[in-house]
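This briefing collects points on the ligand shell, selected helices and strands, and backbone geometry. The structure is shown first, and the notes follow by topic.

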Amino acid sequence: MRVAVIGAGIVGLACAEELVRCGHDVRVFDPDPGGGATRAAAGMLAPAGEAWHGETGLLRLGVASARLWPEYAARLQAASGVDVDLRTEGTLLIGQDHDDLQQVRRTLAVLSTEGIAFRELDRREARSDEPTLSRVAGAVLVPEDHNVNPRLVAEALLRLLGDRVIRARATVRDGGVAFANGTEFGCDAVVVATGAEARSLVPQVRPVRGETIRLRVIDRPSRVLRARVHGETVYVVPRAGGEVVVGASEEEHASEPVATLGAVVRLLHAARTLVPGLESAEVVEITARHRPGTPDNGPLLGPVEAPGPVRRVLAVGHYRGGVLLAPLTAQVVRAHVEGEHVPAVARPFGPGRFAARQDLTHAQGTQGRDAAS
Ligand SMILES: Cc1cc2nc3c(=O)[nH]c(=O)nc-3n(C[C@H](O)[C@H](O)[C@H](O)COP(=O)(O)OP(=O)(O)OC[C@H]3O[C@@H](n4cnc5c(N)ncnc54)[C@H](O)[C@@H]3O)c2cc1C
């Protein structure tokens with residue numbers, strides 16, 4: 001089939017690569033490939049760290065996608081020559097003080113019910129497990145929550161797609177897609193993967209601003225640290241080459257996503273309290289982008305009605321988990337494009353689920369969660 005993918009963030013790129021691999025003739029359109037939320041993302045593959053009461057379907061979707069990552073990363077690496085820095089040391093969920101630790105423990109019942117492995121560490125065990133930590137009240141080790149560098153994943157996918165990626169903004173038309181200069185690209189199917197910008201087509205998608213800060217340190221943590229620090233949520237994600245990513249703010253926000261002093265100061269203060277060695281870290285970059293939020297925090301994956309014969313498939317609304325969900329999303333989208341069987345775990349995430357609840361344009365809320373991805 002001839003397929004147009006609109007949007008070359010991690011989701012659109014993963015969908016396009018999967019479709020090419022399965023023999024389809026694909027073009028991807030984006031004026032700034034990899035420049036959306038993918039650029040800000042910390043790259044945590046963290047279904048357990050993101051688990052929340054009432055979101056079992058999303059947790060199962062995340063677990064299913066997390067299991068694909070080791071093979072996916074190895075395949076991308078072998079085919080593109082780009083090392084995507086997949087790290088499998090697991091994650092520590094940390095409470096700085098007693099109240100913070102109580103909050104961290106609130107999701108453990110959800111993990112137990114879903115059979116997700118974790119181990120509680122007392123104050124001393126936490127420090128001996130991760131010597132870069134300050135005096136914390138305790139922690140929970142989640143061995144299956146890993147991380148990857150999303151920028152390198154995008155680079156690998158862009159290499160594999162080569163000149164199939166075209167730097168242009170596109171809009172959906174009955175016969176395919178159209179460009180600002182009036183030309184059109186006719187095709188059999190259009191995949192819409194425009195991240196937070198999908199709101200013009202899909203009203204349930206809304207922008208939620210997030211900021212991450214890249215630092216360079218000599219002594220970085222050995223695994224991902226997600227913490228509550230005297231009520232503030234923060235994470236510190238280690239990368240190759242001495243880099244760590246500190247994040248992330250989360251704010252309902254519609255205009256251009258810019259980094260603000262308040263959010264940056266709060267994040268850095270919490271990060272330095274958690275890991276005192278960050279005091280002498282070099283600040284490399286501060287990045288703000290919009291996450292594509294949805295009313296139930298889950299993505300919209302699947303076909304929507306279109307006037308013409310061209311199949312229109314949505315791959316939007318990945319909110320805090322687009323990196324985690326990219327490999328599974330690619331498989332689900334390919335199945336929808338080909339009219340094949342869709343994995344059961346993804347069926348609850350069809351775009352039609354909001355049809356009876358058109359008034360739902362805001363999230364059910366993320367208050368009380370731990371550090372936002
Ligand atoms: C601060 C922050 C931290 C995060 N951390 C994590 C994390 O640790 N783990 C995780 O799993 N997720 C994380 N996320 C979420 C993740 O980044 C998103 O869910 C993911 O990037 C969504 O991917 P996407 O491809 O749908 O959107 P994007 O990456 O935003 O890409 C959308 C693309 O569409 C293009 N586009 C838009 N309109 C058009 C058009 N009309 N024509 C052509 N192109 C168009 C844009 O230029 C853009 O490149 C984080 C997000 C933020 C902001």
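**Briefing on the model**

Tyr319 lies in the loop that connects strand 20 (311-316) with helix 9. The model is predicted. In this model, Tyr319 has a phi near 45°, a positive value in a residue other than glycine. Tyr319 is buried, since 27 other C-beta atoms lie within 10 Å.

**Backbone geometry**

- Most residues other than glycine have a negative phi, and most peptide bonds are trans.
- His230 also has a positive phi, near 45°, and is a residue other than glycine.
- His230 is placed in the loop between strand 14 and strand 15, and it counts as exposed because it has 11 C-beta neighbours inside 10 Å.
- The peptide bond between Gly247 and Ala248 is cis, with omega at about -20°.
- Ala248 belongs to the loop between strand 16 and strand 17 (251-252).

**Ligand shell**

- The ligand is surrounded by 44 residues, and the closest are Gly9, Gly36, Gly195, Gly210 and Gly322.
- Two or more shell residues come from each of helix 1 (10-21), helix 2 (37-40), strand 9 (170-173), strand 13 (206-216), strand 18 (282-293) and helix 9 (322-338).
- By residue class, the shell around the ligand comprises 19 nonpolar, 17 polar and 8 charged residues.

- Strand 14 is largely enclosed by the rest of the structure, because 6 of its 6 residues are buried.
- Val224, Arg226 and Arg228 point one way from strand 14, while Leu225, Ala227 and Val229 point the other way; all are buried.
- Strand 4 and strand 14 run parallel and are joined by 5 bridges; Ile94 stands opposite Ala227 of strand 14.
- Strand 14 and strand 15 run antiparallel and are joined by 5 bridges; Arg226 stands opposite Tyr235 of strand 15.
- The hairpin of strand 14 and strand 15 has 2 residues between the strands, and His230 takes its positive phi in this hairpin.

**Helix 7**

- Helix 7 (residues 150-161) has 12 residues and reaches 16 Å from its first C-alpha to its last, close to the 16 Å expected at 1.5 Å a residue.
- Gly162, which follows helix 7, has a positive phi near 55°.

**Helix 8**

- Helix 8 (residues 261-274) has 14 residues and reaches 20 Å from its first C-alpha to its last, close to the 20 Å expected at 1.5 Å a residue.
- Its buried residues include Ala263, Leu267, Ala270, Ala271 and Leu274.
- Viewed down the axis of helix 8, the buried residues fall within an arc of 100°, so they line one face of the helix.
- An α-helix has 3.6 residues a turn, so residues three or four places apart point the same way.
- Leu261, Gly262 and Val265 are exposed on the face of helix 8 turned away from its buried side.
- The cover over the buried residues of helix 8 includes strand 4 (91-95), strand 13, strand 14 (224-229), strand 15 (232-238) and strand 16 (243-247).

Conventions: Residues numbered from 1 in each chain as written. Predicted model: local features only at pLDDT ≥ 70, side-chain atom pairs only at ≥ 80, totals over all residues. Near = placed C-beta within 6 Å. Helix = DSSP H or I, 4+ residues; strand = E, 2+ residues; numbered from the N terminus. Nonpolar A, V, L, I, M, F, W, Y, C, P; charged D, E, K, R; others polar. Expected span 1.5 Å × (residues − 1). Buried ≥ 20, exposed ≤ 12 C-beta atoms within 10 Å, placed from the backbone. Arc of directions from axis to C-beta. Contact = placed C-beta atoms within 7 Å. Pairing = 2+ DSSP bridges.
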